Amino acid sequence: MKCPNCSSQMFIADETVNARSQVTFYRCSICVSEHVSSEPVREAFSFEDSSDYFDSPATDNKRYLMV
């Protein structure tokens with residue numbers, strides 16, 4: 001990732017992954033700027049379970065939140 005301030009290459013300072021998201025912290029070694037990137041964790045969906053998805057109650061279905 002390029003630094004938005006000085007356009008130099010940023011390095012990954014820290015990374016956190018939980019059941020819902022993956023958060024990556026970047027830092028620039030030139031101007032010491034920081035940047036945080038977050039994206040949802042995607043689970044693989046198998047087509048074998050697709051009929052079970054519609055037959056199960058709505059409370060059992062997984063929902064994804066876009067932040």
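Predicted model: local features only at pLDDT ≥ 70, side-chain atom pairs only at ≥ 80, totals over all residues.

How many bridges join β1 to strand β2, and which way do the two run? Select residues 21–28 for β2: seven bridges join β1 to this strand, and the pair runs antiparallel. Residues are numbered from 1 along each chain as its sequence is written, and side-chain values use heavy atoms, with hydrogens and water left out.

**Stop 1: the sheet**

Strands here are DSSP runs of E, at least two residues, numbered from the N terminus, and two of them pair if DSSP finds at least two bridges between them. Colour the three strands and you get an open sheet, ordered β1-β2-β3, with antiparallel pairing. β1 (10–17) and β3 (34–40) are at the edges with a single partner strand each, so one side of each has no neighbour in the sheet. From one strand to the next, the twist averages 20 degrees; the axes behind that angle are lines fitted to C-alpha atoms, and angles run from 0 to 180 degrees between N-to-C directions.

**Stop 2: S21**

Next, select S21, in strand β2. Is S21 buried or exposed? S21 counts as buried, at 18% relative accessibility (buried is under 20% relative accessible area, exposed over 50%, partly exposed in between, with a 1.4 Å probe and protein chains only). Leaving out residues up to four places away in sequence, S21 touches T16, S38, E39, P40 and V41, where contact means heavy atoms within 4.5 Å.

**Stop 3: the cysteines**

Show the sulfurs. A disulfide is a pair of cysteine sulfur atoms within 2.5 Å, and by that rule the count is zero. C3 is in no disulfide, its nearest cysteine sulfur being that of C31, 3.6 Å away. C3 is also buried, at 3% relative accessibility. Now jump to C28: its closest cysteine sulfur is in C6, at 3.6 Å, too far for a bond. C28 is buried too, with a relative accessible area of 1%.

**Stop 4: two positive phis**

Finally, check some backbone torsions. S7, in the segment before β1, has phi near 65 degrees, a positive value in a residue other than glycine. Then select V32 in the loop between β2 and β3: phi of V32 is near 60 degrees, again positive in a non-glycine residue.

Notes. Helix = DSSP H or I, 4+ residues; strand = E, 2+ residues; numbered from the N terminus.
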